Every structure is written in C-alpha cells, then in structure tokens.
Amino acid sequence: MRFLPAQENITAGVIGLGYVGSCIAATLADRGVDVIGVDTDASLVEELSGGHCRFSESGLPEIVSRLAGTTSFTATTECAAVASADVVIVTVGTPVRDQGVLMDLQLRSACEELSKHLRPGQLLIFKSTVPPGMTRELVVPLLERSGLTCGADFGLAFCPERLSEGNALNELRTFPIVVGGWCADSTEAAAAFWQRALGVEVIRCASLETAEMVKLADNWWIDHNIAMANELAQVCATVDVDVLDVISAANSIKKGSGSVNILLPSVGVGGSCLTKDPWMLWRSAGERGLDLLTIPAARQVNDGMPRYTFRLIVEELAKVGRAPEEAKVAVLGLAFKNNTGDLRATPTQPVVAALREAGAQVALFDPLVDDDEAEKTFGLRPCASVEEAVRDADCLAVLAWHRPFQSLDFARIRGQVAASCAVIDGRAYYPRETIARLRELGFAYRGIGR
C-alpha cells in the first residue's frame, strides 16, 4: 500500500508526549508497534525513559513502567529520530487565547522541525485539534518546505483525538477512529495503519476538513448538552425537584436512531478541550461571516457554574449561622473531572478563589493531583490526608469524586468536622441511600439541582 509498508513490523514516531501523546505511544508500543517518542520537554523525556509517568490515567503508568528500557518504546528530544519511522503521529498542544484565537506556536514548530527530517514514503497523521482548513492551509505548506510534495512523496491524514480522560486506554482500543486524508491514498494508508495497530473500526471521511470538523462537532455537542443539564439543575432546584430523577426519566425516550441523552450537571466544565474547542469553531465560523449563537450561550452557562456552586456553599453555611469569614471549607477533589489528576481549566479553582476572597479558611485534598501543580493552580498547598483537610470543617465540598473517595467513612468523618457541617455535592452524584445516610449522621446535604 502506498505510504504504508507491507511488512508486519511498523515503526511509529509520536511527536508530543503530553497526555494524548503518551497514551497513544504507550498503547501502540504495548500492542507491538515500535514507537519513537519526541518531546521538547527534556524532563518529561527523562521520566518516560526511566519508566515514570506523570499523568494520572488508569493503566498508563503500568505500561510506561513495563516498556522502560525496551526497544518497543524510546523517548528523545531530537526530532531527527522520527526519520526512521514509517508513520509519524503529531499530538502537540493547540491552546487558544480568549474566544478561540489559536496559539499555533507548538504546531508550527513541530511542522517546521519535522520538515527537516521527512523522507519519501512516510505517512504523517495529525491529531492536534485545529479549526477546519488549517491542516491544508498551514500544516501542508510548512511540511513541503522539505522539498517533498504532499500526496506524491508523503501521505498525510487528519485523525481527531476523541479520548476521555480516565478511560483513554480502553477507548483507544475500542472506539472508532476517524480519518480524513489529503488524498485517497493517504486516507487508506491511515485507515490501514489504525486497523493494523489497534484493530479498531475506522471511519473514512471525504476530506481533511471533514475529519477536523468531527472533533469540534463532538465537543460543541457535549458542551451544549452539559449547559442544558446545568440550567435544568438550576430550574429543578427552584421547585425542589431532584434533577437526576428528571434526567433519568427524560433519557428513557427513543429519538431517531438513539435516545434522548441529557448529560449530568456539575460544578462546571474544565479540561483542555471543552473549554476551547467550541470557541475555536465559533471563531472559525465568524471569519467566514457566520455568527454562531449557541456556543457563547453554552460557554456562559458552564463558566458560571463555579460561582453558582460557591453560592450554594455560602447558603448552606448561612443556614447554620456561619458567615464565610467564620467558616472552614474542605474541598475534596480538585481536578476538572472525576478519576483524573488533570488541573487544566478546572472549575474547582474559581470556587476556591471565591471562597478565599470571601474570607473562608479553605483546606484542599485530592489523591490524584500532584501537590506542586495544585499549589501553582490554587495558591494553596493541599493537605496530606482527608483527615487533615476535614478537621473542624463547616462544609465538605466534594467537587470531584475519584474512586479513592468511595471508601470514605462519613461516620468516622462526622466526629472530626464541626458540629454543624454541610456536604456540597458538586460531582459525586450520591444516590438517595447515601444522602439519607449523610442526613442520619447529622450532615446537611446540597447538590447541583438536588
């Protein structure tokens, strides 16, 4: 096949060993592909080479540790190393400034460096999220500085990254992969690579732009859906209705080829994708003369949830006669979602900032988050244990419900907190039985829309 060697043993280069790149590199290597990982962060390269993984992702640290010192996975800061790869996968970050202005420095740098080491016959697969048209308009011209021609000398495809943190390795092995190529040969080579390497279904798109749009459409839908859930929760709270009951019943109806699927409300939306990808699409549409209305509306709703959560905490404190400046609040769970240690754009940060601005004493704890990263993000060092965090607390704000928290003994905690203590459920979604038990123990309970 053009742009993909016929031999069974294929070598893949992965440029960008952040969260996505590390997951892809480790999974490919674990499945028998020889992988050359490249990153400009020398400390990250050193860690991965030594078998240490800084990312909190189920199964990833174990694979990285197992691969250390083998020929299956090597990491380097030298981009020249990918010259020997049959397939090169680019997974560098594409952050945005306010309202979707793309910061393309990492992508440009990767393409410029890669152009110095391209060789005929290689297949390049880009996974870095970009506005529709950017792969064709920016990436290809930079690569062709090599003197090679896209579609003739090397293949190129765009393959959107659609992983969910906390379940990424399982999704890599099971989710359909979307590919759109510069030409038909590029599309087929990319599809064949993923089928051979991961054994998954591949969805072929008609163009690069179609594949680019898929990721943006996914996250536009997710962000909009969560915004609806968050406003639904606020409405339910005004009429003393449990929003989870409403969502469960509403989702039972069939619609089209699927079912109604309202997602769950929470303290807010964070991470590196949902907070930026809709804005990226909004700006791209605006540059083409189209004003998208739902993206700013959804972003406004979801960005407002940390302030809403802060108000719930203040209201519960007021019920027991405690002003914020007289209270201690223990925040359990700092990451942007459950079962990850990722603090990027975490909605917990503005909740903590509002509490501290109001004069509250705040204690932090998260078993999955790096303490140094937490201190940079929150300006406050996390406690070493749950017991230290909850001691004499007037409120327990559970803002991320990680698996290690499932063993929390609230009966024991009850003896460590203040006489009147509220539990604010920002993302735990406690069942009725747990809520009843909390109240039996003397806790007040308040959830998002509950």
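The model is predicted.

Start with strand S5, residues 123-126. Both of its faces are covered. Leu123 and Ile125 are buried on one side, and Leu124 and Phe126 are buried on the other.

S5 has a partner in strand S4, residues 87-90. The two strands run parallel and are joined by 4 bridges. Val87 stands opposite Leu123 in this pairing. Between S4 and S5 the chain passes through H4, and this β-α-β crossover is right-handed.

S5 also pairs with strand S6, residues 155-158. Again the strands run parallel, with 4 bridges between S5 and S6. Here Ile125 stands opposite Ala157. The chain goes from S5 through H5 to S6, and this β-α-β crossover is right-handed too.

Now look at the loops on either side of S5. Leu118 sits in the loop between helix H4 (105-115) and S5. Is Leu118 buried or exposed? It counts as buried because its relative accessibility is 12%, under the 20% cut-off. Leu118 touches Leu124, Leu143, Ser146, Leu148 and Phe154, leaving aside residues up to four places away in sequence. Arg145 is 27 residues from Leu118 along the chain, and their C-alpha atoms are separated by 9.9 Å.

Ser128 lies in the loop between S5 and helix H5 (134-143). Ser128 counts as buried because its relative accessibility is 4%. What does its side chain reach? The side chain of Ser128 meets the backbone oxygen of Val92 at 2.6 Å. Val92 is also one of the residues that Ser128 touches beyond four places in sequence.

Helix H7 covers residues 184-198. Its length can be checked: 15 residues at 1.5 Å a residue should span 21 Å, and the end C-alpha atoms are 21 Å apart, so the two values agree. Buried residues of H7 include Ser186, Thr187, Phe193, Trp194 and Leu198. Ala189, Ala190, Ala191, Ala192 and Ala197 are buried in H7 as well. Gly199 follows H7, with a positive phi near 70 degrees.

Helix H10, residues 277-287, is mostly covered. Of its 11 residues, 8 are buried. Which residues of H10 are buried? They are Asp277, Pro278, Trp279, Met280, Leu281, Trp282, Ser284 and Ala285. The cover over them includes helix H8 (208-238) and helix H11 (294-303). After H10 comes Gly289, whose phi is positive, near 85 degrees.

Finish with another sheet region. Strands S12, S11, S13, S14 and S15 form an open sheet of 5 strands in that order, with parallel pairing. Strand S12 (361-365) and strand S15 (443-447) are at the edges, and each pairs on one side only. From one strand to the next, the twist averages 20 degrees. In general, strands of a sheet pair through backbone hydrogen bonds, either parallel or antiparallel. At one edge of this sheet, S15 pairs with strand S14, residues 421-425, in the parallel sense. The S14 and S15 pairing runs over 5 bridges. Within it, Asp425 has Gly447 in S15 as its bridge partner.

How values were computed:
Residues numbered from 1 in each chain as written. Predicted model: local features only at pLDDT ≥ 70, side-chain atom pairs only at ≥ 80, totals over all residues. Heavy atoms only, no water. Pairing = 2+ DSSP bridges. Axes fitted to C-alpha atoms, helices over the stretch in contact; angles between N-to-C directions. Buried < 20%, exposed > 50% of the residue type's maximum accessible area, 1.4 Å probe, protein only. Polar contact = N/O pair within 3.5 Å; in protein donor to acceptor, adjacent residues only side chain to side chain. Contact = heavy atoms within 4.5 Å. Expected span 1.5 Å × (residues − 1). Right-handed = clockwise from strand over helix to strand, strands pointing away.
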